[in-house]
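Please read them with the structure open beside you.

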Amino acid sequence: MVAPHSALRQQAQHFSEISSVITPLVDVLARPLRDLRMSVIDRCNFRCTYCMPLKSPNGDSKFLTMRELLSDAEIERLVEAFVSLGVDKIRLTGGEPLLRPGLACLIERIARISGVADLALITNGILLPQMAQDLADAGLGRITVSLDSLDEQVFAKRRAAGARSGGCLKASRLLKRPASLD
Ligand code: SF4
């Protein structure tokens, strides 16, 4: 269930305020927590049956408005707070993160934060051909393309029609390193 955006905002604000007085994050075995996965948007251009079934609010296209999402400044502030606690790997996700307006600007802001060693993005890949260059220029270091299958028929059964591995390959060339395919 998605918490009301006002509650999310308050939690984000509270966390960024207390981060300066708490110790680095560790798990129950005292291992440092270095990875942070941040959702930058809830909407998606697919409706995978296991994620956004048609009878669910998201499957019925009921998403947060742009105004309700955390702003770039709020996300930047949260990342800074987590970095101060030992996080150095940021992975942006959604929904489908490439649908967030101004994503390249957000990536640029996060890439500039001292202490972010690895900035990655997980995507269904469908918009990569037109966006990969801007994302690479903004400072994105790594992309994971998540696809259920390269078989069109299997793909269609999951209501995830449209994506092709071409987006993954283009991103790989632009980032000058392999793009992973989940
Ligand atoms: S592509 Fe990802 S975010 Fe979009 S509906 Fe499928 S599993 Fe969910």
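1. Among contacts between residues at least 6 apart in sequence, 74% join residues at least 24 apart. Please keep in mind throughout that this is a predicted model.

2. The secondary structure of the chain consists of six helices and five strands, and these follow one another along the sequence in the pattern α-β-α-β-α-β-α-β-α-α-β. Of the 182 residues in the chain, 24% count as buried.

3. The largest nonpolar core contains 26 residues, and Val79, Ile107 and Ile110 are those with the most contacts inside it. At least two residues of this core come from each of helix 2 (72–84), strand 2 (89–93), helix 3 (103–111), strand 3 (118–123), helix 4 (128–138) and strand 4 (142–145), and helix 2 gives the most, with five residues. As general background, nonpolar side chains in soluble globular proteins tend to be buried together.

4. Ile107 deserves a separate look in the viewer. When its neighbours within four places in sequence are left aside, Ile107 is in contact with Leu119, Leu135, Ala138, Gly139 and Leu140.

5. Which residues come nearest to the ligand? Of the eleven residues around the ligand, they are Cys44, Phe46, Cys48, Cys51 and Asn124.

Definitions and conventions:
Residues are numbered from 1 along each chain as its sequence is written. This is a predicted model: local features need pLDDT of at least 70, side-chain atom pairs count only at pLDDT 80 or more; totals for chains, interfaces and linings use all residues. Helices (H or I, at least four residues) and strands (E, at least two) are DSSP runs, numbered from the N terminus. A residue is buried if 20 or more other C-beta atoms lie within 10 Å of its own, exposed if 12 or fewer, and partly exposed in between; C-beta atoms are placed from the backbone. Two residues are in contact if their C-beta atoms, placed from the backbone, lie within 7 Å. A nonpolar core is a set of buried Ala, Val, Leu, Ile, Met, Phe, Trp, Tyr and Cys residues joined through C-beta atoms within 7 Å. A residue is near a molecule or strand if its C-beta atom, placed from the backbone, lies within 6 Å of it.
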